[in-house]
Amino acid sequence: MTRILIATYPEDIHATMVAAGLEARGHQAVLWQGADFPTRQQASISIGDGGEAAWEVSGPRLRMASNSAFDVIWHRRPVIEPVLPDEMHPGDRIVASRECSIFNRNLWQLIFPGAFWINPLGSRQRSNAKLVQLQEALAAGLTVPPTLCSNDPARIRAFLDRYAGRAIYKPFYPAQWRKQEGSALTFTSTVCRNDLPDDEVLRLTPGIFQQRIAKRHELRLTYMGDLLVAAKLLSQEIPKARLDWKLAFTDLRVLPAEVPAEVDRACRRLLRRLGIVFACLDMIVTPEGDHVFVEVNEMGQFLWLEELNADLRLLDPFCEMLGQARRDFTWRRSPDNLRFADLHDAAMAQQREVFARVHVAKPSYFSVPD
Amino acid sequence: MKKVDKKRILGRRLAADITAEQLKSATGGSPSNCMGDYDDVDYISY
């Protein structure tokens, strides 16, 4: 039996379903609901009594300490920024929030350094830096779009002139403005000079500007250790999704895909350079058949692929990687595989009927007033 | 593009308007979708 610690929040269906899958396979999965700290969860780190630092964390459905034995840490969605009571003094709230975050970051540095981490703590920040990704993708032998990241109005205009009519903009991080009705969401967009705000506003927010790459289709490459699950996204079938497949929502057709060996090798080199064992890579396949790297989602969503196309297997191999606690795990497709469709409803019910009652909901990272 | 004040940042000027209904139907009610971490929508991803 393997013991797996999963950093998560109550609404994270990936964590809930994988935990259920692991339990079904005879492993022990413990969900560390990070938003419970500090209001429903307490944590301590003791140093100076001889030996190594001793730590402990306890709260609803959680009790663990430095002498607990975990073989695997799935660093899925740790909650670092705390959820504090609304009635707190506003100044105290800022200080308490900062102290909680720093404490959390310290704690994560101390826990289970000998376990199999998905992904290693030290690699996470670097892997999520989009510009590092592009630089490392180039070094790994992949093709990347010509890119400018800047808040310099003159440089931005020069880039847009150079790629007039074929430039795109995207943010570093998703944003969602709450409107009176509905939301305004950032997706990859075409951009030209006329779209730019006034210079004094433009310089306040750096952005990512790239040459638009023509698409035949797109790929979502999910690397689970040494296993690649490749999916073809037929985004060009849906006009509104041609620039950004997320706008296709559930209309997106997803098919199993083959990836040229040299592209696969380059992607594996990229993951090694980034020091990670799991990632979802986005890639464009051009009308000429060239493969162009878009980005690495270091802890991206992956079960949606199996949800949209039941021929794809994601849940079972991922549980196998965690259960075997190694990147070179063995897995084979079989009728006995754990299936998304079989576990989904029970997992949703658990979140709705248990987690929502017992745990603190995750704070919103994206949503802001319009 | 739609008219958004020149005093708003570029990301907001280019942001796509999505109704709550679109967001719900976007995922068939499942948060495993690629958009899984947005608010309300309950679910969109990265």
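Two residues count as being in contact here when their C-beta atoms, placed from the backbone, lie within 7 Å. With that in hand, welcome to this structure, which is a predicted model.

Just after helix 4 of chain A comes Gly141(A), with a positive phi of about 100 degrees.

Next along chain A is helix 5 (residues 153-162), where Ile156(A), Phe159(A) and Leu160(A) are buried. These three are on the same side of helix 5 of chain A because they cover an arc of only 95 degrees around the axis. An α-helix has 3.6 residues a turn, so residues three or four places apart point the same way.

What lies over those buried residues? The cover includes strand 8, strand 9 (167-170), helix 6 (199-202) and strand 13 (207-211) of chain A. On the other side of helix 5 of chain A, the exposed residues are Ala154(A), Asp161(A) and Arg162(A).

## Helix 1 meets helix 10

Helix 1 (residues 13-24) and helix 10 (residues 340-358) of chain A have axes that come within 9 Å and cross at roughly 115 degrees. The crossing of helix 1 of chain A past helix 10 of chain A is right-handed. On the side of helix 1 of chain A, the contact is made by Ile13(A), Thr16(A), Met17(A), Ala20(A) and Gly21(A). Helix 10 of chain A contributes Leu343(A), His344(A), Ala346(A), Ala347(A), Met348(A), Gln350(A) and Gln351(A). Sorted by class, the contact of these two helices has seven nonpolar residues, five polar ones and no charged ones.

## Nonpolar cores

In soluble globular proteins, nonpolar side chains tend to be buried together. The largest nonpolar core of this model has 89 residues. Which of them touch the most other members? They are Ile4(A), Ile6(A) and Met283(A). Leaving out residues up to four places away in sequence, Met283(A) touches Glu218(A), Leu219(A), Leu221(A), His291(A), Val292(A), Phe293(A) and Val294(A). Another core, of five residues, lies apart from the largest one; among its members are Tyr9(A), Val79(A), Val83(A) and Val360(A).

## Residues in loops

Phe70(A) sits in the loop between strand 5 (62-65) and strand 6 (72-74) of chain A. Is Phe70(A) buried or exposed? It is buried, because 20 other C-beta atoms lie within 10 Å, and the cut-off for buried is 20 or more. Not counting residues up to four places away in sequence, Phe70(A) touches Arg3(A), Ile4(A), Leu5(A), Phe112(A) and Ala115(A). Phe70(A) and Pro287(A) are 217 residues apart in sequence, and their C-alpha atoms are 47 Å apart.

Phe302(A), in the loop between strand 18 and helix 8 (303-308) of chain A, is buried with 26 other C-beta atoms within 10 Å. It touches Thr222(A), Cys280(A) and Leu314(A), again not counting residues up to four places away in sequence. Thr330(A) belongs to the loop between helix 9 (315-324) and helix 10 of chain A. Thr330(A) counts as exposed because it has 11 C-beta neighbours inside 10 Å.

## Backbone geometry worth a look

Most residues other than glycine have a negative phi, and most peptide bonds are trans. Phe37(A) and Pro38(A) are joined by a cis peptide bond with omega of about 10 degrees, and Pro38(A) lies in the loop between strand 2 (28-33) and strand 3 (42-46) of chain A. A cis peptide bond also joins Ile118(A) and Asn119(A), with omega of about -5 degrees. Asn119(A) is placed in the loop between strand 7 (116-118) and helix 3 (121-127) of chain A.

Arg61(A) is not a glycine, yet has a positive phi of about 60 degrees; its loop runs between strand 4 (54-59) and strand 5 of chain A. Phe112(A), not a glycine either, has a positive phi of about 40 degrees. Phe112(A) is in the loop between helix 2 (90-110) and strand 7 of chain A, and counts as partly exposed with 18 C-beta neighbours inside 10 Å.

## Chain B

Chain B has two helices and one strand, in the pattern α-β-α along the sequence. Of its 46 residues, 50% count as buried. Among contacts in chain B between residues at least 6 apart in sequence, 0% join residues at least 24 apart.

Terms used: Residues numbered from 1 in each chain as written. Chains lettered and ligands numbered in written order. Predicted model: local features only at pLDDT ≥ 70, side-chain atom pairs only at ≥ 80, totals over all residues. Helix = DSSP H or I, 4+ residues; strand = E, 2+ residues; numbered from the N terminus. Axes fitted to C-alpha atoms, helices over the stretch in contact; angles between N-to-C directions. Left-handed = near helix turned anticlockwise from the far one by under 90°. Nonpolar A, V, L, I, M, F, W, Y, C, P; charged D, E, K, R; others polar. Buried ≥ 20, exposed ≤ 12 C-beta atoms within 10 Å, placed from the backbone. Core = buried A, V, L, I, M, F, W, Y, C linked by C-beta atoms within 7 Å. Arc of directions from axis to C-beta.
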